[in-house]
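Okay, thanks everyone for coming. Let me put today's protein up on the screen, and then I'll walk you through it piece by piece.

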Amino acid sequence: MNKFTKEVMFVGEMASGAKLTVPVYAFTADNNVAAPTVYIQANMHGAEVQGNAVIFQLLELLQQCNLQANITLVPYANPVGCNHKNGEYTLGRFDPITGENWNRMYHFDQAIIAPFVEQNLDASAEEIQTKFQQLLLAQIDKKLAHNIWGITTGQRIAYQLQRLAHQADIVLDLHTGPISSKHLYCPEYAQASAQYFDIEHTILIDNDFGGAMDEATFCPWWSLQQAYQASGRNFTMGEGAFKKESFTVELGSQEQIDLDVAKQDALSILSYLQAKGVIDNKQYQPQKMTRYACYLKDYKALYSPMGGMIDYLADFGKPLAAGEPLARILRMDNYGDGEALHYISLDQQVIPILHFASASVNQGTELYKVFCNYFEI
Ligand SMILES: [Zn+2]
């Protein structure tokens with residue numbers, strides 16, 4: 001049975017001086033071969049709790065696995081967001097003081113790429129891998145080591161987590177939607193890996209850094225690979241020194257955990273880890289299913305054309321024909337005169353993925369997110 005260790009990482013302090021902490025679990029492989037190392041975190045957004053249950057199930061299952069590389073797991077990654085309650089609801093998507101999204105505070109400075117390539121143009125792949133990882137970690141350490149001006153509460157949490165993520169080759173950031181089906185954010189270059197997850201819907205994202213954890217871990221390497229390519233050296237993303245892969249795994253709806261579903265989610269992650277050689281346990285294989293993908297530009301939000309009460313009609317994950325209703329809106333000011341119900345449809349076939357968590361919406365509220373121009377992968 002593999003042993004895991006538990007540490008407590010300090011990520012900040014409250015006004016009282018009380019420490020904000022997150023638990024860090026780590027499995028160490030006996031035979032550290034060339035297999036990719038792994039970092040998995042959950043609950044960066046306060047209400048998105050299912051990933052905590054998935055990490056619990058992973059810890060149980062990984063004890064019996066034949067580990068080929070080290071795996072670090074961090075549930076409850078954001079103690080401020082997780083405790084941000086209002087009435088019976090958890091908020092925790094935005095820092096309550098600054099309004100900033102907790103998952104947009106990670107760090108990557110594009111300006112490090114060009115000088116690094118210049119100084120290491122003829123370095124071996126192994127040297128590039130080691131030195132560039134050191135550079136990324138040094139950048140984070142410099143941010144964390146403090147300076148006269150300090151950093152924000154959210155940056156301090158994010159950078160501590162990113163420090164762990166930068167030490168791994170594979171990064172999984174576990175989230176959920178509001179009311180949602182499962183879906184995966186996957187870098188375009190890693191599309192082939194989407195088939196190992198038991199997730200029917202994948203959003204393919206390009207190399208734009210917007211501050212999220214997945215981007216913060218793959219964008220530096222993708223940018224580096226492209227800069228080397230422009231200098232005449234070709235490396236393949238996802239392989240060898242550039243074996244970095246990073247995903248945001250959306251596990252369903254917020255504010256709920258289901259331990260049985262979490263077991264299925266954990267098995268899905270294990271089948272991906274088996275495919276990447278992180279574990280050697282062939283019983284973990286992806287399920288057979290039709291997997292659809294669309295590019296990020298085709299993952300579209302539908303905003304409510306009017307205020308009212310929404311009856312969400314469309315099933316998640318199933319293609320919805322053009323003209324078929326997604327939802328109907330009830331208008332309380334128009335009862336009895338025939339204008340009380342308004343149907344909403346689109347002019348093209350889509351796959352609904354998630355919808356807003358409340359029936360009560362203003363004009364302009366994001367009602368649904370849907371796949372347009374989707375294709376099988
Ligand atoms: Zn989230």
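**A walk through the model**

E255 sits in the loop between β11 and α7 (259-275). Its phi is near 65°, a positive value in a residue other than glycine. Most residues other than glycine have a negative phi.

Before I go on, some housekeeping. This is a predicted model, so to speak about local features we need pLDDT of at least 70, and side-chain atom pairs count only at pLDDT 80 or more, while totals for chains, interfaces and linings use all residues. Residues are numbered from 1 along each chain as its sequence is written, and side-chain values use heavy atoms, with hydrogens and water left out.

Now the other positive phi I want to show you. N43 has a phi near 70°, and N43 isn't a glycine either. You'll find N43 in the loop between β3 (38-42) and α1 (50-62). Is N43 buried or exposed? N43 is buried, with a relative accessible area of 1%.

N43 also turns up among the contacts of Y76. Y76 is in the loop between β4 (71-74) and α2 (79-82), and Y76 is partly exposed, with a relative accessible area of 32%. Leaving out residues up to four places away in sequence, Y76 touches V22, P23, A42, N43, N52, C82 and N83; contact here means heavy atoms within 4.5 Å. For a sense of distance, Y76 and E7 are 69 residues apart along the chain, and their C-alpha atoms are separated by 13 Å.

Okay, zooming out. How many helices and strands does the protein chain have? There are 7 helices and 20 strands. Those are DSSP runs, numbered from the N terminus: H or I with at least four residues for helices, E with at least two for strands. The radius of gyration is 22 Å, close to the 21 Å that the globule rule gives for 377 residues, so the chain is as compact as a globular protein of that length. That radius is taken over C-alpha atoms, and the rule is 2.2 Å times the number of residues to the power 0.38. Along the principal axes, the C-alpha atoms fill a box of roughly 75 × 50 × 45 Å. Buried residues make up 53% of the 377. And if you take contacts between residues at least 6 apart in sequence, 71% of them join residues at least 24 apart.

On to the sheets. Two strands pair if DSSP finds at least two bridges between them.

Look at β19 (residues 366-371): 5 of its 6 residues are buried. β13 (residues 299-303) joins β19 through 5 bridges, including K300 with V370 and Y299 with F371. β17 (residues 351-355) pairs with β19 over 4 bridges, and there P352 stands opposite V370.

Last stop, helix α4 (residues 125-144). α4 has 20 residues and reaches 29 Å from its first C-alpha to its last, close to the 28 Å expected at 1.5 Å a residue; the expected span is 1.5 Å times one less than the number of residues. Which residues of α4 are buried? They're I128, F132, L136, L137, Q139, I140 and L144. Seen down the axis of α4, the buried residues fall within an arc of 150°, so they line one face of the helix. That arc comes from the directions from the helix axis to the C-beta atoms. On the other side of α4, E126 and K142 are exposed. The buried residues of α4 pack against α3 (113-119), α5 (153-165) and α6 (213-230).

Technical notes. Buried < 20%, exposed > 50% of the residue type's maximum accessible area, 1.4 Å probe, protein only.
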